[in-house]
Amino acid sequence: MTTADLVKTKLTSAFPNGQVEVRDPMQDDTHLEATIVSDDFTGKSRLQRHRLVNEAIADAFGSNELHALQITTRSPDEV
Amino acid sequence: MDILDKISNMVNEAPVVLFMKGEPEFPMCGFSARVVQVLNKIGVEYTAYNVLEDEDIRQGIKEFANWPTIPQLYVNGEFIGGCDIVLEMFEAGELQTLFKENGVANSNAA
């Protein structure tokens with residue numbers, strides 16, 4: 001499983017009612033981008049949203065597989 | 001003094017504090033470079049710490065902010081976020097507002 005797959009799996013289980021997209025623009029499986037649209041973000045600040053995402057993928061960073069994840073979070077009404 | 005106390009002092013020493021990889025003139029990472037660019041564009045004064053020079057700081061700030069990555073921006077002792085958040089706030093005009101509200105010195109004051 002690639003790191004991108006791992007991140008997508010973790011994010012999808014953390015935000016089951018949301019839409020998760022993970023991209024690997026440099027095709028290095030290291031510098032990834034994730035966009036998550038979820039109602040869980042409604043009314044939350046950017047920092048709160050990012051913390052939710054960080055929690056979902058916490059061990060991916062810890063194990064040093066993931067060096068950089070560019071995160072975009074949107075609530076459904078912001079899309 | 002333990003590392004978390006040290007970091008607490010560091011983030012409260014100046015109105016705007018940035019933990020980054022490298023120096024503002026020579027960033028060692030694209031994300032740190034982008035935050036520096038934004039701060040320079042707005043024209044705020046800030047204190048930058050190069051975490052590559054101190055492994056204790058580098059790991060300590062992750063625990064202190066409960067945030068896994070670098071760069072990390074603090075305004076008046078409060079953690080604001082990393083590169084993604086700083087860029088989004090800048091594009092939305094929120095960063096400039098944050099600095100004004102916190103009375104941060106701005107050499108490009110509009």
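Reader: Across the interface of chain B and chain A, how many residue pairs are in polar contact?
Author: This is a predicted model. Pairs count here if both residues have pLDDT 80 or more. Across the interface of chain B and chain A, the number of residue pairs in polar contact is five.

Reader: What area is buried between chain B and chain A?
Author: Carbon and sulfur atoms give 55% of it. In chain B, Trp67(B), Asp84(B) and Glu88(B) lose the most area to chain A, together 43% of what that side buries. The area buried between the two chains is about 1200 Å².

Reader: Which residue forms a salt bridge with Arg46(A)?
Author: The rule finds three salt bridges across the interface of chain B and chain A. A salt bridge needs a side-chain nitrogen of Lys or Arg within 4 Å of a carboxyl oxygen of Asp or Glu. For Arg46(A), the closest N and O atoms are 2.6 Å apart. The partner is Glu94(B).

Reader: Which element gives the most to the lining of the second largest pocket?
Author: This pocket has a volume of about 230 Å³. Its lining has 16 residues, with Glu33(A), Gln70(A), Phe31(B), Arg34(B) and Asp84(B) nearest its centre. Elements giving two or more residues are strand 2 (31-37) and strand 3 (68-74) of chain A, together with helix 2 (30-42) and helix 4 of chain B. The most, five residues, comes from strand 3 of chain A.

Reader: Where is Pro71(B) found?
Author: A cis peptide bond joins Ile70(B) and Pro71(B), with omega about 20°. Most peptide bonds are trans. Pro71(B) is in chain B, in the loop between helix 3 (55-65) and strand 3 (72-75).

Reader: What is the phi of Asp29(A)?
Author: Most residues other than glycine have a negative phi. Asp29(A) lies in the loop between strand 1 (19-23) and strand 2 of chain A. Asp29(A) is not a glycine, yet its phi is positive, at about 55°.

Note on methods:
Residues numbered from 1 in each chain as written. Chains lettered and ligands numbered in written order. Predicted model: local features only at pLDDT ≥ 70, side-chain atom pairs only at ≥ 80, totals over all residues. Heavy atoms only, no water. Buried area = accessible area lost by both parts, 1.4 Å probe. Polar contact = N/O pair within 3.5 Å; in protein donor to acceptor, adjacent residues only side chain to side chain. 1 Å grid on protein atoms, 1.4 Å probe; cavity = no way out; pocket = protein on both sides within 12 Å on 5 of 7 lines; lining within 4 Å. Points joined across faces, edges and corners; volume = space filled by probe spheres on them. Helix = DSSP H or I, 4+ residues; strand = E, 2+ residues; numbered from the N terminus.
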